[in-house]
Amino acid sequence: MFELSPQDWTAVALSLRVAAVSTLFALPFGIAIAALLARGSFWGKSLLDAVVHMPLVLPPVATGYLLLISLGRKAPLGAFLADYCGIVFSFRWTGAALACGIMAFPLMVRAIRLSIEAIDRRLEDAAATLGANSGWTFVTVTLPLALPGIIAGMMLAFARALGEFGATITFVSNIPGETQTISAAIYTLIQVPGGDSDALKLVIISIVICFAALLASEWLARRATARLHGV
Amino acid sequence: MAGTACNGTPARGIAMLVVQVEKRLGEFFSLKVSLTSESRATALFGASGAGKTSLINMIAGLLKPDHGRIELDGEVLFDDLRYVDVPTSQRRIGYVFQEGRLFPHFSVRRNLDYGRWMSGHAPDSAAFNHVVELLDIGHLLDRRPGKLSGGERQRVAVGRALLMRPRLLLLDEPLASLDAGRKRDILPYLERLRDNAQVPMIYVSHNAAEVKRIASRVVCLEAGRVRIAGGPELLDAAQADMLA
């Protein structure tokens with residue numbers, strides 16, 4: 001009963017790849033920006049905060065369009081990256097990953113920032129008196145204590161990336177096998193007569209994936225918390 | 001200039017500490033303290049809110065004075081006129097906090113070892129065992145701080161500060177969070193520390209009985225100023241005064 005066309009399987013596999021890659025690539029930036037917003041005090045902090053949150057409030061299609069006009073093949077930046085670095089985003093799955101990463105970024109930063117803000121700064125002071133400079137303090141104290149929040153942030157970003165539609169389809173279109181993710185495949189299927197049952201199957205698959213991701217992150221976060229407190 | 005200070009062996013546990021600082025800490029409160037300490041165990045004594053913790057935070061580098069100068073064994077740690085402000089991590093001043101502040105994600109062993117790890121010294125099992133024995137914490141090494149009692153936690157905190165090989169040890173009311181019975185249990189360890197560990201200490205407390213047992217010199221703080229300084233016998237007079 002549950003048979004999917006090869007094209008649909010491709011969409012599922014591509015979605016997982018795009019979501020995983022975008023989450024992993026966003027992570028170091030997410031941690032850095034979250035730490036900066038949680039601990040830093042500098043001119044333009046609220047501006048940075050606003051910029052990071054933009055994708056959350058801007059229509060996804062607008063974000064996708066901005067990507068298209070800045071990173072498309074004919075745009076200066078896109079042409080530069082293609083010619084000198086060999087990196088092409090437009091109409092490639094890498095572009096889908098970039099769009100998903102940007103859309104998911106605010107959620108990731110928010111979760112990590114909250115968990116860093118919740119850490120007792122006095123522990124960081126204690127590390128300093130023991131000879132740890134700020135970099136080591138961050139790596140040995142702040143980061144491990146923020147781990148549950150980092151896991152939550154990764155999970156949110158992964159789920160958001162799986163569901164991304166507007167920015168992706170605007171930026172990299174809907175090319176089967178290259179940029180057609182689950183969301184785009186569902187959209188395509190319900191446009192054609194008789195595609196409903198296949199669309200429903202993809203919907204069920206998305207539910208299963210998201211549910212599994214939620215349970216896994218819940219379990220990981222609980223384990224991390226328990227480990228931190230030595231239970 | 002910091003030659004003697006850096007090899008970790010100031011003369012037989014006596015540190016020459018010169019502090020002369022000013023700091024506004026609020027609209028109606030300012031700290032203006034000038035003191036020299038040249039004894040093995042100096043107590044900073046005073047009521048809560050007298051500025052004791054602020055003062056040792058400045059010595060440790062956790063709080064920046066508005067003006068002044070802090071010098072330890074001839075090395076200038078802070079001097080606003082010469083733009084010197086050695087970061088906390090490079091001061092090599094051990095600090096035992098009121099609430100211990102052990103790292104919850106490390107075992108007791110890793111907590112004790114943290115200072116050595118961060119300073120990049122080779123492991124020194126003799127020093128480690130000596131401190132573990134001195135504080136009687138050998139049976140706790142594999143536990144997490146979350147599973148320790150208040151008294152055990154403070155002993156581990158003292159051990160952690162000692163094992164970074166400090167030039168000076170600051171203790172901020174290390175017994176304040178403990179009940180009377182626990183205090184009696186820990187005081188002997190602190191006396192052993194003073195007599196054996198060869199690290200000069202500054203002991204912050206508002207408890208005269210504790211101070212009399214630990215300190216050989218007492219500095220009384222009141223409302224951000226040094227009121228009087230001298231031997232522990234001062235306390236009897238100071239207490240009588242406070243009651244009056």
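Which residue follows α6(B), and is its phi positive or negative? I looked there to start. B:Gln198 follows the helix, and its phi is positive, near 60°. I note that this is a predicted model.

**Helix α6 of chain B**

I checked the length next. Helix α6 of chain B covers residues 180–196, which makes 17 residues. At 1.5 Å a residue they should span 24 Å, and the end C-alpha atoms lie 25 Å apart, so the two values agree.

I then looked for a bend. α6(B) has a kink of about 25° at B:Ile186.

I asked which residues of α6(B) are buried.

**Helices α3 and α5 of chain A**

I moved to chain A. Here α3 (residues 60–71) packs with α5 (residues 93–117) at about 130°, and their axes are 11 Å apart. The crossing is right-handed.

I listed the contacts. From α3(A) come A:Pro60, A:Thr63, A:Gly64 and A:Leu67. They meet A:Ala99, A:Ile102 and A:Met103 of α5(A).

**Helix α10 of chain A**

I finished with residues 182–191, helix α10 of chain A. Its buried residues are A:Ile182, A:Ser183, A:Ala184, A:Ala185, A:Ile186 and A:Leu189. Their cover includes α1 (6–39), α8 (147–163), α9 (166–172) and α11 (196–228) of chain A.

Conventions: Residues numbered from 1 in each chain as written. Chains lettered and ligands numbered in written order. Predicted model: local features only at pLDDT ≥ 70, side-chain atom pairs only at ≥ 80, totals over all residues. Helix = DSSP H or I, 4+ residues; strand = E, 2+ residues; numbered from the N terminus. Expected span 1.5 Å × (residues − 1). Bend = angle between axes of the 7 residues up to and from the residue. Buried ≥ 20, exposed ≤ 12 C-beta atoms within 10 Å, placed from the backbone. Axes fitted to C-alpha atoms, helices over the stretch in contact; angles between N-to-C directions. Left-handed = near helix turned anticlockwise from the far one by under 90°. Contact = placed C-beta atoms within 7 Å.
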